[in-house]
Amino acid sequence: MATTEDKPTNKENTSSWKDSIYNPRTGELLGRTASSWGLILLFYLVFYCFLAGMFALTMWVMLLTLDDYVPKYRDRVPNPGLVIRPNSLDISFNKSDPLKYSQYVKHLESFLQSYNETEQEKNEDCTQGEYFLQDDTEEMTKKACRFKRASLSLCSGLSDTNFGYSEGKPCVLLKMNRIIGLMPRGNPYISCTIKKDNPVQMHYFPREGGIDKMYFPYYGKKAHGSYVQPLVAVKLLLNKEDYNKELTVECKVEGSDLSNNDERDKFLGRVTFRIKVVE
């Protein structure tokens with residue numbers, strides 16, 4: 001039980017604790033007067049405004065060094081990768097069931113929309129076998145060479161809207177990734193092999209799987225807005241012996257100085273996918 005002598009001590013402790021937050025006698029809040037708080041807030045306001053101004057200035061100076069049309073640094077990817085459409089590395093379907101292969105057909109048809117005649121008629125008929133150089137032109141917007149969808153023949157989706165999937169002889173489309181300024185030496189073409197004892201016949205479109213030089217160089221997305229990558233279609237002429245088996249197909253870019261055997265990057269100049277057709 002507290003004595004009468006302890007009560008004043010408790011009151012003094014409570015008053016001291018309250019005064020540390022707000023002292024009504026001096027008008028201090030958390031040990032500082034209003035003018036002291038005002039000076040501190042003013043200091044931090046000026047300090048952070050200065051930091052924001054420095055950040056904005058450095059960003060503005062950095063943006064002055066950038067080009068809207070050409071990336072400043074583009075030495076990390078000297079060789080293009082190779083990709084396929086439909087966008088799957090495991091293609092499996094039943095040729096007798098349209099529902100099983102409709103996803104691949106729809107993807108190919110959607111992908112080829114930008115290669116339609118109505119889209120490509122605004123591009124140029126270029127000279128085959130020659131680079132389409134436009135470095136000497138003052139205009140920043142570059143012209144693009146026309147790629148005719150009909151050049152894919154049986155894999156164009158024009159004569160066979162199922163791209164061969166309904167007959168068990170599917171088509172796949174291959175393209176190289178875009179790299180600004182790339183001009184491959186030689187005559188690049190796509191070559192595919194299937195890892196099995198008995199070889200499987202393939203048809204390439206355009207002829208011999210060639211990639212014409214006229215589609216190089218690429219000048220960037222903003223400068224080359226209507227550009228489309230050249231395609232190579234491969235029609236796999238599978239037979240009954242090949243059905244109900246998972247086949248591994250490897251396609252490479254050959255005939256040029258482009259790398260296709262880097263073990264650190266399995267997609268550099270090549271692509272490997274699996275296909276299985278069920279009767």
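## Exercises on loops, strands and a surface patch

Pro-206 sits in the loop between strand E7 (202–205) and strand E8 (232–236). Keep in mind that this is a predicted model. Grab the viewer and work through these.

**Exercise 1.** Work out which residue is joined to Pro-206 by a cis peptide bond, then find where Pro-86 lies.

*Solution.* Start at Pro-206: the cis bond joins Phe-205 and Pro-206, with omega at about -5°. Now go to Pro-86, which lies in the loop between strand E3 (82–85) and E4. The peptide bond leading from Arg-85 into Pro-86 is cis, and its omega is near 10°.

**Exercise 2.** Decide whether Ser-153 and Phe-163 are buried, partly exposed or exposed.

*Solution.* Next, check the backbone: Ser-153 isn't a glycine, yet has a positive phi of about 50°. Phe-163, also not a glycine, has a positive phi of about 55°. Last, look at accessibility. Ser-153 comes out at 31% relative accessibility, so it counts as partly exposed. Phe-163 is at 0%, so it counts as buried.

**Exercise 3.** Give the strand order of the open four-stranded sheet and say which strands stand at its edges.

*Solution.* Reading across, the order is E4-E10-E9-E6, and the pairing is mixed. Strand E4 (90–94) and strand E6 (186–194) are at the edges; each has a single partner strand, so one side of each has no neighbour in the sheet. From one strand to the next, the twist averages 20°.

**Exercise 4.** Trace the pairing of E9 with E10, and see which residues Glu-246 touches.

*Solution.* Strand E9 (residues 246–256) and strand E10 (residues 270–278) run antiparallel, joined by seven bridges. Take Cys-251 as a case: its bridge partner in E10 is Val-271. Then move to Glu-246, which is found in strand E9. Leaving out residues up to four places away in sequence, Glu-246 touches Arg-274, Ile-275 and Lys-276. The C-alpha atoms of Glu-246 and Lys-276 are 4.6 Å apart, though 30 residues separate the two along the chain. Glu-246 still counts as exposed, because its relative accessibility is 54% and the cut-off is over 50%.

**Exercise 5.** Find the nonpolar surface patch that includes Leu-51, and classify Leu-51 by exposure.

*Solution.* Look at helix H2 (residues 34–64), where Leu-51 lies. The patch includes Phe-43, Tyr-44, Leu-51, Trp-60 and Leu-64, among others, and its members together have about 1200 Å² of accessible area. Leu-51 has a relative accessible area of 38%, so it's partly exposed.

Terms used
Residues are numbered from 1 along each chain as its sequence is written. This is a predicted model: local features need pLDDT of at least 70, side-chain atom pairs count only at pLDDT 80 or more; totals for chains, interfaces and linings use all residues. Side-chain values use heavy atoms; hydrogens and water are left out. Patches are made of residues with over 30% relative accessible area and no salt bridge: like charges are joined within 9 Å, nonpolar side chains (Val, Leu, Ile, Met, Phe, Trp, Tyr) within 5 Å. Accessible areas come from the Shrake-Rupley method with a 1.4 Å probe; for residues, only the protein chains shown count as cover. A salt bridge is a side-chain nitrogen of Lys or Arg within 4 Å of a carboxyl oxygen of Asp or Glu. Helices (H or I, at least four residues) and strands (E, at least two) are DSSP runs, numbered from the N terminus. Buried means under 20% relative accessible area, exposed over 50%, partly exposed in between (1.4 Å probe, protein chains only). Two strands pair if DSSP finds at least two bridges between them. Axes are lines fitted to C-alpha atoms, for helices over the stretch in contact, and angles run from 0 to 180 degrees between N-to-C directions. Contact means heavy atoms within 4.5 Å.
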